[in-house]
Amino acid sequence: MATGAVPASFTALKSRDLKGISFAKSSDFVRVSDLQRIKFRRTKIAVVRNSANPGSETVELEPASDGSTLLVPRQKYCESIHKTIRRKTCTVMVGNVALGSEHPIRIQTMTTTDTKDVAGTVEQVMRIADKGADIVRITVQGRKEADACFEIKNSLVQKNYNIPLVADIHFAPPIALRVAECFDKIRVNPGNFADRRAQFEKLEYSEDDYQKELEHIEQVFTPLVEKCKKYGRAMRIGTNHGSLSDRIMSYHGDSPRGMVESAFEYARICRKLDFHNFVFSMKASNPVIMVQAYRLLVAEMNVLGWDYPLHLGVTEAGEGEDGRMKSAIGIGTLLMDGLGDTIRVSLTEAPEEEIDPCRRLANLGMRAAELQKGVTPFEEKNRRYFDFQRRTGQLPLQKEGEEVDFRGVLHRDGSVLLSVSLDQLKAPEILYKSLAAKLIVGMPFKDLATVDTILLRELPPLDDKDARLALKRLVDISMGVITPLSEQLTKPLPNALVMVTLKELSSGAHKLLPEGTRLVVSVRGDETQEELEILKTTDAIMILHDLPYTEEKTSRVHAARRLFEYLSENSLNFPVIHHIQFPKGIHRDNLVIGAGTNAGGLLVDGLGDGILLDAPHQDFDFLRNTSFNLLQGCRMRNTKTEYVSCPSCGRTLFDLQEISAEIREKTSHLPGVSIAIMGCIVNGPGEMADADFGYVGGAPGKIDLYVGKEVVRRAIAMEHATDALIQLIKDHGRWVEPPVEE
């Protein structure tokens, strides 16, 4: 792989092992930690520039992936790649609450009341505090809201509530200065604190023009930094994926790199003024982008020797299990790498409802770090930390002479497998519906979101003709039926996929099966290299990565990474399914969070081809829906409408929960379509970067509709807005009529 080096003096760029990547031989670098397009022999290439203290060691760079023009720090983004160790940070004080690696992961949320409603806001803060939150954020958009903040703070103190309060600021430096006199922390969005609202215009900047913009930011931002120092306040420099300034997007794109650079511009000003009581956040509604941005942020901080804490969150995650799953994928992934010091689960629900899933995630992360869950150290060469590149296993190929079509047992965009019991076979039509198969005259057919393969731990007796007929009908529609080796040897099922362990493979027990039998190999991932060698001799249709959920010291995430590294190094292209067997009685939220963290944390890195969530005592439909939600949250298989829905705050101009439910009821049948539902313009076009269509509060009782980031209709009366949204989707050819229930 090509690498490059940037001396701290910035007098030149050196290169080694180039292999097609060119470096400019000299440049006049004036900015810190910047990715710039530099012309060299008529070619523009991407260069990360870093200015550590004069005399510091050279920073090593490498492409984010083979062929990528994005160069990233060679230094790793976490303390360890083979176990969970919390990243060491400084301590930031938010009122009386300490943030950082020496302290518990802090839990926070945000009020949804009108900030001018002092009594209502105080009551909501008290409910949130009583639920166990450590910190509460309140939106402060104008002078009246800032004045109300003093009353809110005083009222809470009088009621013996000393929970730290955070002011959420957009576009309003004077308001930030005012509220810094009473609140404990100020959140600024670098995309809109000093810059104008993004117009999504591509701008051309000279070095002088860019420097003048930075000087303007420093002029606007410095008074707030000085006031925070004076009053002992904390600050969050909180970047959002979709609300970057036109200047940043023109240089870096609407990308993780742009998010990091946007935050660093403000952080440098803080450091210049010797202010260090701040944290970073890199939020996005897309968990994959969110994870990449935080990793790049930490890698760059490691290069610079910075140790500021991290606030984690997936913004506009939505509601219910969808919102919890997206948050678990993004936040849980980073917690397993030891990243994160305070978290918020952003749900389109009452703020106090965010606390429980937030606590579950925090506990999961702290437990993993406390035990330093991991695996035996290994060298990692193939995983992509900073840009998504999916490892796609070889899908089943049809072999000559086979009676059934095995090509459908896995799906190219990600597979869903479920465990089925013998009892379920007693009512075949109910089973087919539970698998989301389409029924025509009682016969099953695969549909858009049908389960691809089932696991049957116990086969029906040979004389149970009804159960075996039900299974044959599933096999006939190219649904895989996996069963253990012992079951297949004693009660053979034609065309079953036979599950074997590495030990059974090594013993040769599988050779008792008829020639040509398709094998599924169950692997823990923490086996020795010698034990894994047997995989080189098999022609398995898939691997099930199955590490017991109750393992105390071994980490499922790290064991899987080790397994994928072994497969890549040995050119073994088996599809890998993440098989998680949950303990009996597990809480639903723990199941969602556990799946999002332990499987989603791998899928966001492109590691894995599907999911098998095994929880026999849980509702079957819940397991199926959770599985498909997980794949969609990891930007794999899209089987339903995607919603980007803000969690509501004091700026929201309508009842977000009610409207969100109404829109979902009428549009949930549109896979491949993404709809943003935003309470106000601040969380509108800027922060719905992933959406095809947008429903945004423009004024009280009025809605603006967007296509992408462009407003196409303004000031629609709310009672007509949902129908207008549907018509907009139809006008763009993305509408289909809802399926008719049989």
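Helices (H or I, at least four residues) and strands (E, at least two) are DSSP runs, numbered from the N terminus. The model is predicted, so local features need pLDDT of at least 70 and side-chain atom pairs count only at pLDDT 80 or more, while totals for chains, interfaces and linings use all residues. Residues are numbered from 1 along each chain as its sequence is written, and side-chain values use heavy atoms, with hydrogens and water left out.

**View A. Alanine 436 in the loop between helix 10 and strand 18.** The loop joins helix 10 (428-434) and strand 18 (438-440). Alanine 436 is not a glycine, yet its phi is positive, at about 65°. Most residues other than glycine have a negative phi.

**View B. Asparagine 495 in the loop between helix 12 and strand 22.** Helix 12 covers 485-490 and strand 22 covers 497-501. Asparagine 495 has a positive phi near 65°. With a relative accessible area of 25%, asparagine 495 is partly exposed (between buried, under 20%, and exposed, over 50%; 1.4 Å probe, protein chains only).

**View D. The parallel partners of strand 24.** Two strands pair if DSSP finds at least two bridges between them. Strand 23 (residues 519-523) is joined to strand 24 by four bridges, with valine 521 opposite isoleucine 543. Three bridges link strand 24 to strand 25 (residues 576-581), where histidine 578 stands opposite histidine 545.
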